[in-house]
Amino acid sequence: MNMQPTSVIAPPAPKGLGDMQLPLVMMRDILLKTLFRKNLDMVTEIAEAICLPLSVTQELVDMAREQKLLEATGTLNANNGNEMGYQLTDAGRARALDALSQSEYFGAMPVPLDVYREQVKRQSIRNIQVTRTQLTNAMGHLVLPDSLLDHLGPAVSAGRSILMYGPPGNGKSSISNGIRDSLGDTVYVPRAIEYSGQVITVYDPIVHTAIEQEADDPTQLRRRKRFDSRYVQCERPTVVTGGELSLSMLDLVYNPTARTYQAPLQLKSTGGIFIVDDLGRQAEPPQALINRWIVPLEEGKDILGLQSGEKFEVPFDTLVIFSTNFHPNEIFDQAALRRIFFKIKIDGPNQENFLKIFALVARKKGIPLDEGALVHLLKVKYPTIDNTYANYQPVFLIDQMIAICEFEGIPYQMTPELIDRAWANMFVKDETIVK
């Protein structure tokens with residue numbers, strides 16, 4: 001039975017320092033570094049900067065005061081609800097500098113890895129059930145046979161790996177993007193996670209599309225109950241890589257200057273989609289890339305390593321879509337193919353669907369259809385390539401005809417002669433070049 005995606009349960013905000021499950025010294029040092037770097041003095045500003053509730057931030061401030069690292073300024077700020085201001089003591093400044101020498105990280109408190117694991121379960125990509133209607137709507141700009149959706153639907157709903165293969169130019173990349181658009185709901189992405197005292201930044205505005213949050217009205221007596229602001233509510237993420245993908249991009253990225261880590265691509269795509277486009281065009285052989293994914297794909301966990309050499313497990317909750325123009329048997333052994341749950345061939349359109357695509361593109365680009373030109377295309381030109389149709393060809397041919405019309409200074413039109421001129425640019429002739 002098909003179901004709509006359910007709402008993801010938001011991570012609850014911590015009620016006290018005891019809920020944080022982080023070392024007290026680490027939290028205190030991040031507080032001091034943030035005050036030092038951002039020159040803040042009001043608890044409301046500090047709470048916003050370190051992404052903690054006001055009450056928890058006040059607990060941290062009080063702890064730092066007891067340790068003589070912070071002191072009250074003794075003045076109330078009328079612009080901030082008569083809040084008491086705080087500043088670093090000499091000892092606090094010295095501690096902040098010492099902490100910065102060990103790690104430049106400041107700002108949002110990280111989420112412990114074990115806590116993040118629980119949130120990953122609550123928003124797992126495998127909890128989604130995509131309906132035929134959702135998938136059809138997301139693919140509405142594509143002309144696809146029903147049989148293809150019959151295969152794609154269960155693959156997406158399963159949240160398992162997918163290999164799409166077939167001749168180039170038939171929309172494998174567009175279909176991958178359509179799958180992404182069909183998901184529809186949101187997830188919570190941590191700004192940073194913590195493991196073994198190390199901070200790993202995860203939220204990346206290049207990868208993640210944040211959902212704009214309505215700001216609280218400070219004049220309201222009761223503020224809305226909000227989720228843990230150490231997370232950012234985002235659309236389900238999509239990471240797209242192509243020929244540039246290398247094995248090193250799947251490892252933690254260490255910044256020796258800041259002494260912090262950045263999450264690898266697959267961790268940033270948690271709860272969403274990781275698209276490996278043009279598989280077979282990378283520097284590493286496809287078999288090596290697949291071997292790197294075997295444990296994550298089978299066990300739902302990945303193994304990452306710190307600079308110290310320590311290895312640890314992180315959740316692997318990603319719909320991986322491999323797309324290739326090669327036949328799978330050419331680039332994988334059978335053991336690797338078994339690890340990929342769904343294998344879907346994307347063929348070129350038949351003549352009927354080709355004409356549908358051609359008419360849609362022509363209408364969109366404002367060039368009138370001409371029956372004589374279409375007959376010439378189908379009866380004269382396509383037989384020369386064994387009537388092999390591809391989804392990219394209508395756009396290519398129509399764009400070529402438009403370019404010719406603009407060059408010649410004539411209205412947009414479609415004629416057998418223009419078809420011939422456009423066709424000549426679509427293929428390269430096999431011929432010997434005399435040097």
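The second largest pocket of this predicted model holds about 430 Å³ of space, where a pocket is an open set of points on a 1 Å grid over the protein atoms alone at which a 1.4 Å probe fits, with protein on both sides within 12 Å along at least five of seven lines; the volume is the space filled by probe spheres set on the points, which are joined across faces, edges and corners. Residues are numbered from 1 along each chain as its sequence is written, and side-chain values use heavy atoms, with hydrogens and water left out. Because the model is predicted, local features need pLDDT of at least 70 and side-chain atom pairs count only at pLDDT 80 or more, whereas totals for chains, interfaces and linings use all residues.

The lining of the second largest pocket comprises 18 residues, of which H141, L142, I357, V361 and V395 lie nearest its centre, a lining residue being one with an atom within 4 Å of a point. At least two lining residues are supplied by each of α9 (172-183), α14 (351-365) and α16 (392-408), and the largest share, 6 residues, comes from α14; helices here are DSSP runs (H or I, at least four residues) numbered from the N terminus. By class, the lining has 9 nonpolar, 6 polar and 3 charged residues, with Ala, Val, Leu, Ile, Met, Phe, Trp, Tyr, Cys and Pro counted as nonpolar, Asp, Glu, Lys and Arg as charged, and the others, Gly among them, as polar.

The protein chain is divided into domain 1 (23-107), domain 2 (114-345) and domain 3 (351-426), with bounds that come from an automatic or database domain assignment. Domain 2 and domain 3 each contribute at least three residues to the lining of the second largest pocket, and the C-alpha centres of domain 1 and domain 3 lie 66 Å apart.

Turning to helix packing, the axes of helix α2 (residues 24-38) and helix α5 (residues 90-102) come within 9 Å and cross at roughly 105°, axes being lines fitted to C-alpha atoms over the stretch in contact, with angles from 0 to 180 degrees between N-to-C directions. Helix α2 is therefore roughly perpendicular to α5, a term that covers angles of 65 to 115 degrees. Their contact (heavy atoms within 4.5 Å) involves R28, D29, L32, K33, F36 and R37 of α2 together with G92, R93, R95, A96, L97, A99 and L100 of α5, and by class it has 6 nonpolar, 1 polar and 6 charged residues.

Technical notes. Parallel < 35°, antiparallel > 145°, perpendicular 65-115°, else oblique.
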